[in-house]
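Please consult the sequence and the structure below alongside the text.

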Amino acid sequence: MADDSAAEGPTQPGLTRQTLVAAALRVLEREGIAGLSMRKVGAELGVKAASLYWHVRNKEQLLDLLTDELMADAEPPPRQGDWREQLREYSLRYRRHLLAKRDAARVVAGRLALGPNLLRLMEEQLDRLREAGFSDADAAMANYLLGAFVQGFVLQEQAPISASETEGASRSEVAQMAAGRLRGLPEATFPNLVALAGDLTAPSMEDRFAFGLERLLDGLAVLLTENHAHPTAEPAPLEGKSPTHE
């Protein structure tokens, strides 16, 4: 492979890292992450896969580049409203963004690829959190938590809910079947499942996302209130000692 790439790389003047990533995005959109391979990206560009290794070491590095590229048109948190409104809107936008791009959540989830696009979004989000009064440590943790919540939710949202969905049933049909099965369980053994059959299966994904997001923001609001009520103070100097004693 090394010999082939060395022979072919210099003969591909139009092949750059940027064109490689653009081709990988096209393959991802057409075939999903399961169909993404260096060979298929090379075919998309009209070159052998070996030529790509002049620009990326392996598929994992390509996924790093894809992660950042997928964030190129993601919107940062708005400036309007208080911190809670800003982070709510950002999370809603981020979910829509991931849903609009095939398998985007599967590419970006858990991956810290510090390219220019991700850096821009992180900077904007951390700016809102620190401006709201979160400590540096809490702002960093909240930044991670919000991303993990949205990505994890979309991963579940895009996964088949059951074999019935992969066989052609809609999600609503699968939910209705599940509700019927829950209601038909022996009530003496499963009283809660029978009673909550509709509540467990009726909510839309939008309602589920909104519920989870609001509870997450509730927790951050409590944390912010506690921090303001009990700010971290510098330890008092020992009695009779100067703060600068050695």
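Contact, as used here, means heavy atoms within 4.5 Å. Helices are DSSP runs (H or I, at least four residues), numbered from the N terminus. The model is predicted: local features need pLDDT of at least 70, side-chain atom pairs count only at pLDDT 80 or more, and totals for chains, interfaces and linings use all residues. Residues are numbered from 1 along each chain as its sequence is written, and side-chain values use heavy atoms, without hydrogens and water.

**Helix H8**

- Helix H8 (residues 116-132) has 17 residues and reaches 25 Å from first to last C-alpha, close to the 24 Å expected at 1.5 Å a residue; the expected span is 1.5 Å times one less than the number of residues.
- Its buried residues are Asn117, Leu118, Leu121, Gln125, Arg128, Leu129 and Ala132.
- They lie on the same side of H8, because they cover an arc of only 100 degrees around the axis.
- Buried means under 20% relative accessible area, exposed over 50%, and partly exposed in between (1.4 Å probe, protein chains only).
- The buried residues of H8 pack against H5, helix H6 (83-100), helix H9 (136-158) and helix H14 (205-229).
- Pro116, Glu123, Arg130 and Glu131 are exposed on the other side of H8.
- Gly133, with a positive phi near 110 degrees, follows H8.

**Thr67 in helix H5**

- Thr67 belongs to helix H5 (residues 59-70) and counts as buried, at 3% relative accessibility.
- Beyond its neighbours within four places in sequence, Thr67 contacts Val107, Val108, Arg111 and Ala113.

Methods. Helix = DSSP H or I, 4+ residues; strand = E, 2+ residues; numbered from the N terminus. Arc of directions from axis to C-beta.
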